[in-house]
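The stops below go from a sheet to a cavity and end at one residue.

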Amino acid sequence: MAHAVEPAVAHGEDPRTYARLLAEVYDATMAGERPPARPREVIGDSWERVIAAGLRPDSGAGPAIHSADLSRLRRESGLAGLIDDFTAGLAPITDAGSSIMVVSDADGRLLWRSGSTRVLREADRLGFVEGAAWSESDVGTNAIGTALASRAAVQTFSAEHFARNQHPWTCSAAPIRDRRTGRVLGVVDVSGPASTVHPTTLALVAAVAGLAEATLRESHLAGLDQLRTVAAPLLAGLSGPGLVVDSHGWVAAVGQLAPCTRVTLPSAVDSAHLWLPELGQCTVEPLPGGWLLRPVADEPRDGATRVTLDLRSGKAPSVTVAGATGEWRHQLTPRHAQILELLADGRGHTAAQVAASLFGDPARVVTVRAEISRLRRVLSGLIAAQPYRFADAVVLETLR
């Protein structure tokens, strides 16, 4: 998926003039007054989330520090092998000496920093240090936390930051996705004094994040190729249909079945039998780096499918699907979380009604249908249409 790139300061715009306007907008908004202009949508949405979570712009509390867990967090992030790529890709900015590069994990905890010694010292005073938590719920609107919340590349300039002590900064950040799972692994960010803001910085950061995703994808494809060397002779010797998948459900090889790209595996495969949405009842056999799945005569499933929609403040929205044979979790975009929250009322909604709730415009049905189509590909069989609603067999719980 391409990163959306909207620089805070447009080409040709005077950053100092814009900073003064932002300060007026910020002061009015935080005072509950009518601002002289609207903040950018990504910033306005973030401010609303942060205010609703109870954060205060002048709080003296710094971010939580997880330095004792830093080595473990780095190992678990899945990003350690990409640091040299980030450093080299962002060198045109950081080598100038006025900015630093920062990489966080999926929870906004800063894992690596490099760059200008002078800017690193300034960052230390702000708590922008390795091990610090910089999600929106920790420190308010900022490029790293807001990139994680919006799942898009974000530049925050001066008073677009929620905390007043961050206003002397400009930051450009882009999320890094694991294309195997769609999960965001973390964020790469370039930060420095507000006077260094430039429209092209965000584009470069987003491009470097995209290259990192491509590197991860190449590693994934190499793993599938290796799995195929095991799968091909195995499937050739089967008397019936079967397919070989990696640990994330990506298909390495198929025998006597219609071609497919991926199947939905539970979070833990700990049984010799599974029911899968794409294949029905299957036997499961472990392979090096994956599984051999063999469809068998379908059997009735016991119990309803349980869906937990987690919309609690301070956490990335997610949906967890659990059945008799396993459980899996999917991180939601803010828009998909809004849609599922609406459908959770159980009344059923037309595309026009969803559009009116989300956008204030019932005519935007094409956008709604596209978004729900994406959701239904993830939540196979769980969202019914005409009207849109959760399927009858779903037992839904919403956490707020």
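Which residue in strand 9 is the bridge partner of leucine 276? Select glycine 280: that is the partner of leucine 276. The model is predicted, with local features requiring pLDDT of at least 70 and side-chain atom pairs pLDDT 80 or more, while totals for chains, interfaces and linings use all residues. Numbering starts from 1 along each chain as its sequence is written, and side-chain values use heavy atoms, without hydrogens or water.

**The sheet**

Now select strand 8 and strand 9 (residues 280-287); they run antiparallel and are joined by four bridges. Strands here are DSSP runs of E with at least two residues, and helices are runs of H or I with at least four, both numbered from the N terminus. Two strands count as paired if DSSP finds at least two bridges between them.

**Strand 6**

Next, select residues 242-246. Strand 6 is largely enclosed by the rest of the structure, because five of its five residues are buried (under 20% relative accessible area, with a 1.4 Å probe and protein chains only). Gly242, Val244 and Asp246 lie on one side, Leu243 and Val245 on the other.

Pick valine 244 and look both ways. Its bridge partner in strand 7 is alanine 253, and in strand 10 its bridge partner is leucine 292. Then move to glycine 249 in the hairpin of strand 6 and strand 7, where this glycine takes a positive phi near 90°.

**The cavity**

Select Leu126, Phe128, Trp134, Asn142, Ala143, Ile144, His161, Gln166, Trp169, Cys171, Asp189 and Ser191, which line the largest cavity. Helix 8 (143-150), strand 4 (169-178) and strand 5 (183-193) each give two or more residues to this lining. A cavity is a set of points on a 1 Å grid over the protein atoms alone where a 1.4 Å probe fits but cannot get out, and lining residues have an atom within 4 Å of a point. The volume is about 80 Å³, taken as the space filled by probe spheres set on the points, which are joined across faces, edges and corners.

**Serine 104**

Last, select serine 104 in strand 1 (residues 100-105). Serine 104 counts as buried because its relative accessibility is 0%. Show its contacts (heavy atoms within 4.5 Å): leaving out residues up to four places away in sequence, they include Leu79, Arg109, Ile144 and Val187.

Notes: Buried means under 20% relative accessible area, exposed over 50%, partly exposed in between (1.4 Å probe, protein chains only). On a 1 Å grid over the protein atoms alone, a cavity is a set of points where a 1.4 Å probe fits but cannot get out, and a pocket is an open set with protein on both sides within 12 Å along at least five of seven lines; lining residues have an atom within 4 Å of a point.
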